[in-house]
Amino acid sequence: MTHTSAPAIRVMVADDHPMMREGISAALEAQGGIEIVCTAANGAEAIADFARHRPDVSLVDLQMPVKDGLEAIIGIRALHPDARIVVLTTYSGDARVVAALKAGAAAYLLKDASGAALAQAVRNVYKGASVIAPVAQRDVDSHHRADALSARELDVLRLAANGNSNRVIGEALSISEPTVKTHMSAILVKLGAGDRTHAVTLAVKRGYISL
């Protein structure tokens, strides 16, 4: 009676840094049972490569040119709603985690994960499980406990991040200066910030806005 080994899990790695793509690919294949079938340098390539190779699991970086990781996830899931996607990133900001999970990612890991941990996550996601790095899970829990910033509050915060006064922000958004102050007060409370500079710093760290 002959025994056949299980087929290797076919994986795509999408990251804009060549060294990172090569390192992740080598680390995964070294664990055994995983085959890298394609790599992509940006989100648009990731979508095209997924359509061409239909990997079992896709590892996608969030920060990529042309199309970013979130756009890649959305594009891939549009092609194949059951696509299994692992977000691998240096960022743990809760807004990024939540956005990636909402877009359809099954796992969210930081790039400091070991090769063994990454391979185990690929295997778990391949089996249909969800994997979130502990630090990212804390961010998700924090995000759900706190009130999310509204679209208008994000508009105010982005303009404030560029150094605009309340008057200028109001003119840009066609709202009154007192209304801007009201939005800013709500932002400070939601983020637990002491002032607008602190609010901008926290918002960037948590992934609500980017500078």
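Q: In this predicted model, which backbone oxygen does the side chain of Arg21 reach?
A: The side chain of Arg21 reaches the backbone oxygen of Asp15, at 2.6 Å.

Q: Where does Arg21 sit, and what does it touch?
A: Arg21 is in helix H1. Leaving out residues up to four places away in sequence, Arg21 touches Val13, Asp15, Asp16, Thr39, Ala40 and Ala41.

Q: What is the nearest side chain of opposite charge to Arg21?
A: A salt bridge needs a side-chain nitrogen of Lys or Arg within 4 Å of a carboxyl oxygen of Asp or Glu. For Arg21, the nearest side chain of opposite charge is Asp15, at 5.6 Å. Arg21 is buried yet has no salt bridge.

Q: How do I read the sides of H1, and which of its residues are buried?
A: Start with the buried residues of H1: Arg21, Ile24, Ser25 and Leu28. They cover an arc of only 100° around the axis, so they lie on the same side of H1. The face turned away from that buried side carries the exposed residues Met19, Glu22 and Ala30.

Q: What covers the buried residues of H1?
A: The cover includes strands E1 (9-14), E2 (34-40), E3 (57-60) and E4 (84-89). Helix H5 (115-126) is also part of the cover.

Q: How many residues does H1 have, and what follows just after it?
A: H1 runs over residues 18-30 and has 13 residues. From first C-alpha to last, H1 reaches 18 Å, close to the 18 Å expected. Just after H1, Gly32 takes a positive phi of about 85°.

Q: Which residues of helix H3 are buried?
A: In H3 (residues 69-79), Gly69, Ala72, Ile73, Gly75 and Ile76 are buried. Their arc is only 165° around the axis, which puts them on the same side of H3. Ile74 and Ala78 are exposed on the other side. At the start of H3, a side-chain oxygen of Asp68 comes to within 3.1 Å of the backbone nitrogen of Leu70.

Q: Which residue meets Asp15 in a salt bridge?
A: The side chain of Asp15 meets that of Lys111, at 2.7 Å, N to O. Asp15 lies in the loop between E1 and H1, and Lys111 in the loop between strand E5 (107-110) and H5, so the pair ties together parts 96 residues apart in sequence. Asp15 is buried, at 1% relative accessible area.

Q: What else does Lys111 pair with?
A: Lys111 also forms a salt bridge with Asp61, the closest N and O atoms being 3.4 Å apart. Asp61 is in the loop between E3 and H3, 50 residues apart from Lys111. Asp61 is buried, at 3% relative accessible area. Asp15, Asp61 and Lys111 are linked in a network of salt bridges.

Notes
Residues are numbered from 1 along each chain as its sequence is written. This is a predicted model: local features need pLDDT of at least 70, side-chain atom pairs count only at pLDDT 80 or more; totals for chains, interfaces and linings use all residues. Side-chain values use heavy atoms; hydrogens and water are left out. Helices (H or I, at least four residues) and strands (E, at least two) are DSSP runs, numbered from the N terminus. The expected span of a helix is 1.5 Å times one less than its number of residues. Buried means under 20% relative accessible area, exposed over 50%, partly exposed in between (1.4 Å probe, protein chains only). The arc is that of the directions from the helix axis to the C-beta atoms. Contact means heavy atoms within 4.5 Å. Lys and Arg count as positive and Asp and Glu as negative; His and the chain ends are not counted. A polar contact is a pair of N or O atoms within 3.5 Å; within protein, one must be able to donate a hydrogen and the other to accept it, and residues adjacent in sequence count only if both atoms are side-chain atoms.
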